[in-house]
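User: Can you walk me through this one? I'd like to start with a helix and then go to the aromatic rings.
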Amino acid sequence: MKVIIEGPPQGGKTTVSSVVKERYGLCYVSSAEAIRNAMQIGNSQFSSTVKQIIDNGEVIPDTLLVKVVSEAIRRPDCINGFVLDGFPRTKKQATLMQDFEKISADAVIELGIPASVMQQRFGGRYHHPASGRMYHTVYNPPEEAGKDDITGEPLVQNNEDKPEAIAQRMQAYQKQVADVRSTFTDNQWVPVDASGNVESVRNNVFTVLDPLQFSVFASKVTTARPWWKFW
């Protein structure tokens, strides 16, 4: 089974990819891991090129990035399928992967999280700079709003957690994911509610992938024997 997990920044893609890997016995692939392995392990035919680009502080071009990720997908431990974490991220990457590298997917799971939920999750995060103590206005509020419990000093919010920054990220993501979606069929692309807790999101994903796994297995069986005769 070949699965791609898409979703907004900090939307839980890696968490979902990990549980999918374990449940279905798939190999885990991400662009970051593929690049890191190519540089540190040197197990890619593109290792020297990638290392030179990174060492020069340059951005890896899409054509090369797609080749490195596709190479990782073709490694022996992916023979039973893969789960691809948050890649492709652009229409160009999706087109290169499918049309030139011939990497297809049985399902693209889009983790659907409303902008209001993202605002609640990340817009309430604050920290105490001196100690690093973390707070959240909903999940872990300070005893006194805006102040550290121990010192009483003011709490600070990172720029990326401010409402306007979250809104900008979500707007950019919506455009990006619409472009990527246009390269897949409606049968491949499956939106899943990911606004709940980890367990509910996991179960929503399993509801989609459990029957798909059976379908993929059944398609590989060439005999017409009844299922009970396989034992």
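Analyst: In α1, the buried residues are K13, V16, S17, V20 and Y24. They sit on the same side of α1, because they cover an arc of only 100° around the axis. This is a predicted model.

User: How many residues does α1 have, and how far does it reach?

Analyst: Helix α1 runs over residues 13-24, which is twelve residues. From first C-alpha to last it reaches 16 Å, close to the 16 Å expected at 1.5 Å a residue.

User: What follows α1?

Analyst: G25, with a positive phi near 65°.

User: OK, rings. How many aromatic pairs are there?

Analyst: Two. In one of them, Y24 and F206 have ring centres 6.0 Å apart and planes at 85°; that is over 60, so the pair is edge-to-face.

User: Which helices do Y24 and F206 lie in?

Analyst: Y24 lies in α1 and F206 in α8 (residues 198-220), so the pair ties together parts 182 residues apart in sequence. Y24 is buried at 7% relative accessible area, and F206 is buried at 9%.

User: And how are the rings of F184 and W189 placed?

Analyst: Their centres are 5.9 Å apart and their planes are at 45°, so this pair is tilted. F184 has a relative accessible area of 7% and W189 one of 3%; F184 is buried, and W189 is buried.

User: What sits over the ring of F206?

Analyst: The charged end of R23, 4.0 Å from the ring centre.

User: Switching topic: which residues does the lid annotation cover?

Analyst: The unreviewed UniProt entry places "Adenylate kinase active site lid" at residues 125-157. That stretch is 0% helix and 18% strand, with its end C-alpha atoms 6 Å apart.

Key
Residues numbered from 1 in each chain as written. Predicted model: local features only at pLDDT ≥ 70, side-chain atom pairs only at ≥ 80, totals over all residues. Heavy atoms only, no water. UniProt positions renumbered as here; feature names shortened; annotations may be inferred. Helix = DSSP H or I, 4+ residues; strand = E, 2+ residues; numbered from the N terminus. Expected span 1.5 Å × (residues − 1). Buried < 20%, exposed > 50% of the residue type's maximum accessible area, 1.4 Å probe, protein only. Arc of directions from axis to C-beta. Phe/Tyr/Trp six-rings, centres within 6.5 Å; stacked < 30°, edge-to-face > 60°. Lys NZ or Arg CZ within 6 Å of the ring centre and 35° of its normal.
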